[in-house]
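Hello,

Here is the structure I promised to hand over. Have a look at it first, and my notes follow below.

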There are 2 protein chains.
Amino acid sequence: MLQEGKEPIVIPKPTLERLKLYHRLLVETDQKHISSEEIAKSLGLNAEQVRKDLTFLKTMGKPKVGYHVETLRQELDELFGVKNTTKVILVGAGHLGKALVNYPGFGNYGIEIVAVFDNDPEKIGTYIKDLVVLSMDNLCRVVKRFKVEIGIICVPKDSAQQVADQLISCGIKGIWNFAPTRLNVPNDVFVVDEDITQSLLTVKHFLELRKQKIERNGERREE
Amino acid sequence: MLQEGKEPIVIPKPTLERLKLYHRLLVETDQKHISSEEIAKSLGLNAEQVRKDLTFLKTMGKPKVGYHVETLRQELDELFGVKNTTKVILVGAGHLGKALVNYPGFGNYGIEIVAVFDNDPEKIGTYIKDLVVLSMDNLCRVVKRFKVEIGIICVPKDSAQQVADQLISCGIKGIWNFAPTRLNVPNDVFVVDEDITQSLLTVKHFLELRKQKIERNGERREE
DNA sequence: AATATAACGAGAAAAATATCACGATAGGTG
DNA sequence: CACCTATCGTGATATTTTTCTCGTTATATT
């Protein structure tokens, strides 16, 4: 039987990606109103696309004025759930882990790191900002006690899968993975990858394209 | 006059994104051959799409066998220019900068960090791994001397634009931006953003979707 | 108050991307 | 050696996404 009734409005993935960019732009701007044209120009898109994207939201623009920045930003905040507090734990107290704990932006996005774990006895007991590094034995206890929703993995890639398994066994359903490897997880667990090697390939590819363009054009000037 | 002659085969952007995933998979696997089906399953795609993507490459699969992992990986290496050495400098010797300098994976991808800069007198002169932190005065000299192609920005977001401008004024044409802000750059400079706030929104959005799903389903079990 | 115009929303058209369907072939099996 | 089947490559089809077009409306101007 086909499921009848209100199907939730699903936002196309490319649109969702752009909505994230709009969000950042709205946070950064000090204008009170902003037009689709201005948004488009800032991000290298075209205005029709911006308007189309924004039709997935309730906020409407006004002719001759544009969109009210504050309203739009708030609706995006809501879409992304920015205002809800999410408790997270972080596994891996290396350089990257330290960098993340010290990252000042989480507060604005409702992310609270409640504990840091590592399995290196040298690191256990040391402080990162105001958090003591705990041993992995404490993982499940802390997850349950603080109702932790997300685990951040920043361990070397060879132990990432193992850490993921431990997190999942403690009931964690969301993983933010900074290890440069693919994780195998059950269907009901989501993984957001922050894999530096992937964007490294992007960087290298850009260089490669430029190189090829120069080769093709010989010594000719471009533009 | 329209330019005649061989136009370079342009790989669609979504395909290119997936090719990066295939690359990682090929690096990780220890199989000698791999089928489109296996690739697809690992990455949650379908086999036809994988095959279609791979038609943009020269490497062909064999019926009953699949694709030769080594060959395919090498062709991807070439596509992304992984084997060419790229000299980069890094600006911002904070936690993140340190984490990056200590990241062991760059070598495999032909990235060599040749210098680290900061404008904090406390940090200038200190060592990160085997690199002395230099003052920004030395920027252009080092860029020219070492033929640096890429600048990595990992300074706080308020100084990111300024650093970008400095890099560009020294002739840098590529920026890998870890600051959570949009950079304004001339057309001939490319920026690859590694903005944690953007993937943070992804994380929050997943949670939000899950929350809404649970609300809709009430106490019903799913699956 | 009438007019002009900047900017919007939305449906239609076009372009890009993903999926399907199927014929071809390499390698295994009897 | 002939057949079977897993897997490929590719042209056809379907779907998604982007762009175009145009009618509408809020504000400014005379």
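A word on element names before anything else: helices (H or I, at least four residues) and strands (E, at least two) are DSSP runs, numbered from the N terminus. This is a predicted model, in which local features need pLDDT of at least 70 and side-chain atom pairs count only at pLDDT 80 or more, while totals for chains, interfaces and linings use all residues. Residues are numbered from 1 along each chain as its sequence is written, and chains are lettered from A and ligands numbered from 1 in the order in which they are written.

I call a residue near a strand if its C-beta atom, placed from the backbone, lies within 6 Å of it. For residue classes, Ala, Val, Leu, Ile, Met, Phe, Trp, Tyr, Cys and Pro count as nonpolar, Asp, Glu, Lys and Arg as charged, and the others, Gly among them, as polar.

Around DNA strand C there are 26 residues, the closest being A:Ser36, A:Gly61, A:Pro63, B:Pro12 and B:Pro63. With 4 residues, α3(A) gives the most to this surface. At least two residues each come from α2 (36–43) and α3 of chain A and from α1 (13–28) and α3 of chain B. The surface near DNA strand C has 9 nonpolar, 8 polar and 9 charged residues.

DNA strand D is surrounded by 28 residues, and here the closest are A:Pro12, A:Pro63, B:Met60, B:Gly61 and B:Pro63. The largest share, 5 residues, comes from α3(B). The elements that each supply at least two residues are α1 (13–28) and α3 (47–54) of chain A, together with α2 (36–43) and α3 (47–54) of chain B. By class, the surface near DNA strand D has 9 nonpolar, 8 polar and 11 charged residues.

**How the chains meet**

Residues are in contact if their C-beta atoms, placed from the backbone, lie within 7 Å.

**Helix packing**

Axes are lines fitted to C-alpha atoms, for helices over the stretch in contact, and angles run from 0 to 180 degrees between N-to-C directions. Angles under 35 degrees count as roughly parallel, over 145 as roughly antiparallel, 65 to 115 as roughly perpendicular and the rest as oblique.

In chain A, α1(A) packs with α4 (residues 69–80) at an angle of about 135°, their axes 10 Å apart. The two helices are therefore oblique to each other. A:Leu19, A:Tyr22, A:His23, A:Leu26 and A:Val27 in α1(A) meet A:Val69, A:Leu72, A:Arg73, A:Leu76 and A:Phe80 in α4(A). This contact has 8 nonpolar, 1 polar and 1 charged residues.

In chain B, the axes of α1(B) and α2(B) cross at roughly 105° and come within 11 Å. That makes α1(B) roughly perpendicular to α2(B).

Best wishes

How values were computed
Contact = placed C-beta atoms within 7 Å.
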